[in-house]
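Subject: Structure handover

Hello,

Here is the structure for you to pick up. Please open it first, then read the notes that follow.

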Amino acid sequence: MKTLRFHFRTAALALSAAGLLASQAMAIPAVAPEWTQPVVLAASDCYAIGQQVAEQNGGTLAKASQSTRGGQPVCVIVVLVPGKDGQRPRRSEIVVPLN
């Protein structure tokens with residue numbers, strides 16, 4: 001009876017190890033994906049520009065997005081500038097060329 005339990009435990013450990021190795025082998029991609037279009041990180045550039053513009057105007061950056069105006073790429077920056085004497089903040093939209 002003791003040898004039967006020993007063989008059963010050994011077989012269970014071997015099957016577990018084989019399953020673990022098989023799952024690791026399946027996790028590795030067989031074929032590398034092909035990229036057809038380049039990745040454009042313009043939004044992060046507009047965000048960085050927006051932070052600088054907000055700091056220059058003494059406000060808080062509310063929105064930064066890329067747009068095209070007159071055929072040129074631009075960043076549309078929305079800054080919330082604090083109001084005077086406890087009034088609500090002013091919304092200021094600034095268009096900056098994307099260089």
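Which residue in E2 does Ser65 stand opposite? Val76. Keep in mind throughout that this is a predicted model.

**Overall layout**

The chain holds two helices and three strands. In sequence order, the pattern is α-α-β-β-β. The chain has 99 residues, and 15% of them count as buried. Its accessible surface is about 8,500 Å². Carbon and sulfur atoms account for 60% of that surface. Take the contacts between residues at least 6 apart in sequence: 28% of them join residues at least 24 apart.

**The sheet**

The three strands make an open sheet, in the order E1-E2-E3. The pairing is antiparallel. E1 and E3 are at the edges and have a single partner strand each, so one side of each lacks a neighbour in the sheet. On average, neighbouring strands are turned by 20 degrees against each other, ignoring direction. As background, strands of a sheet pair through backbone hydrogen bonds, and the pairing can be parallel or antiparallel.

Now the two pairings in turn. E1 covers residues 60–69 and is joined to E2 by nine bridges. Besides the Ser65 and Val76 pair, there is Arg69, which stands opposite Gln72 of E2. E1 and E2 form a hairpin with two residues between the strands. Gly70 belongs to this hairpin and has a positive phi, near 65 degrees.

Ile77 has Ile94 of E3 as its bridge partner. Val79 has Ser92 of E3.

How many of the 10 residues of E2 are buried? Seven, so to speak "mostly covered".

E2 spans 72–81 and E3 spans 90–97, with Asp85 in the loop between them. Look at the backbone here. The phi of Asp85 is near 55 degrees, which is positive, and the residue is not a glycine. Is Asp85 buried or exposed? Exposed, because its relative accessible area is 81% and the cut-off for exposed is over 50%.

**The disulfide**

A search of the whole structure turns up one disulfide. Cys46 and Cys75 form this bond, with 2.1 Å between their sulfur atoms. In general terms, a disulfide is a covalent bond between the sulfur atoms of two cysteines. The torsion about the S-S bond of Cys46 and Cys75 is about -75 degrees, so the disulfide is left-handed. Cys46 sits in helix H2, residues 42–57, and Cys75 in strand E2, so the pair ties together parts 29 residues apart in sequence.

What is the relative accessibility of Cys46? It is 0%, so Cys46 counts as buried. Cys75 also has 0% relative accessibility, so Cys75 counts as buried too. The cut-off behind both calls is under 20%.

**The salt bridge**

The search of the whole structure finds one salt bridge. The side chains of Arg91 and Glu93 form it, at 3.7 Å from N to O. Glu93 has 43%, so Glu93 counts as partly exposed.

**In brief**

- Sheet: E1-E2-E3, open and antiparallel.
- Disulfide: Cys46 with Cys75, left-handed.
- Salt bridge: Arg91 with Glu93.

Best regards

Notes. Residues numbered from 1 in each chain as written. Predicted model: local features only at pLDDT ≥ 70, side-chain atom pairs only at ≥ 80, totals over all residues. Heavy atoms only, no water. Helix = DSSP H or I, 4+ residues; strand = E, 2+ residues; numbered from the N terminus. Buried < 20%, exposed > 50% of the residue type's maximum accessible area, 1.4 Å probe, protein only. Pairing = 2+ DSSP bridges. Disulfide = S-S within 2.5 Å. Contact = heavy atoms within 4.5 Å. Areas by Shrake-Rupley, 256 points an atom, 1.4 Å probe, with all protein chains shown as cover. Salt bridge = Lys/Arg side-chain N within 4 Å of Asp/Glu carboxyl O. Axes fitted to C-alpha atoms, helices over the stretch in contact; angles between N-to-C directions.
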